[in-house]
Amino acid sequence: MVSVFVVSVTILSACSGSIQIGGPPTGAPTCPTPTDPSPERLPGPLVLTAQSVPSAALVPCLRGTLPTGWTFQNLDAQRGKARISIDFHQDGTHAATITLTQECDVRGSRQTDTDQPGTQRYDRVYEVQSGYRGERYYVFRGGCIEYHFNLHGSRSAEQVAAVSLFFGFVDRDLLRRYVHDYSDGRVELDPTAAEGAR
């Protein structure tokens, strides 16, 4: 958690204003609610995740409470990468991680139909007999989101499907507008881009 706070101060200090959105930069990056656009409901962890990879057109976020048995562990955000770790009670630490980077190595994976608009999806599965171990990649403009699963037990594939439904992607342009509007123009998600547009 300490690394998240330090990075937040470093990144946000470069913004064109000073505002605290959504409280301290801890917890999971949750998806914004368009029907209730108030500053306290734009989570700081989501802004921090987006700022870690400025080129990414999409940003991963949690749609709501995780399924039964799953718990959020931590968000490790740094320049160039943001990693969300979640645990499953039967499998311990890092049962699943969701990582945002600028690009992924999808060699050896299989392209399949995507369930996220604006992305190309690739799957790489190592184990399905006694558990589920593998990666799923979503490639899009300026970024890639990788899901890594390491689960045990005969119902692991069901857990992969269940937890996947709880993560969505928010469009960067939408998030950029939210940050600008919520702060009355005092803070920009991407200060350099905003300055270049003037």
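The model is predicted, so local features need pLDDT of at least 70 and side-chain atom pairs count only at pLDDT 80 or more, while totals for chains, interfaces and linings use all residues. Residues are numbered from 1 along each chain as its sequence is written, and side-chain values use heavy atoms, with hydrogens and water left out.

**Exercise 1.** Find which cysteine is joined to Cys 31 by a disulfide, and state whether that partner is buried or exposed.

*Solution.* A disulfide is taken as a pair of cysteine sulfur atoms within 2.5 Å, and by this rule the count comes to two. Cys 31 is joined to Cys 61, with an S to S distance of 2.1 Å. Cys 31 lies in the loop between helix H1 (2-12) and helix H2 (44-52) and Cys 61 in strand S1 (residues 58-62), so the pair ties together parts 30 residues apart in sequence; helices (H or I, at least four residues) and strands (E, at least two) are DSSP runs, numbered from the N terminus. Cys 61 is buried at 1% relative accessible area, whereas Cys 31 is partly exposed at 21% (buried means under 20%, exposed over 50%, partly exposed in between, with a 1.4 Å probe and protein chains only).

**Exercise 2.** Identify the buried residues of helix H3 and what covers them.

*Solution.* In H3 (residues 156-165) the buried residues are Ser 156, Gln 159, Val 160, Val 163 and Ser 164. They cover an arc of only 130° around the axis, which puts them on the same side of H3, the arc being that of the directions from the helix axis to the C-beta atoms. Among the elements in contact with them (heavy atoms within 4.5 Å) are strands S2 (70-78) and S9 (167-171).
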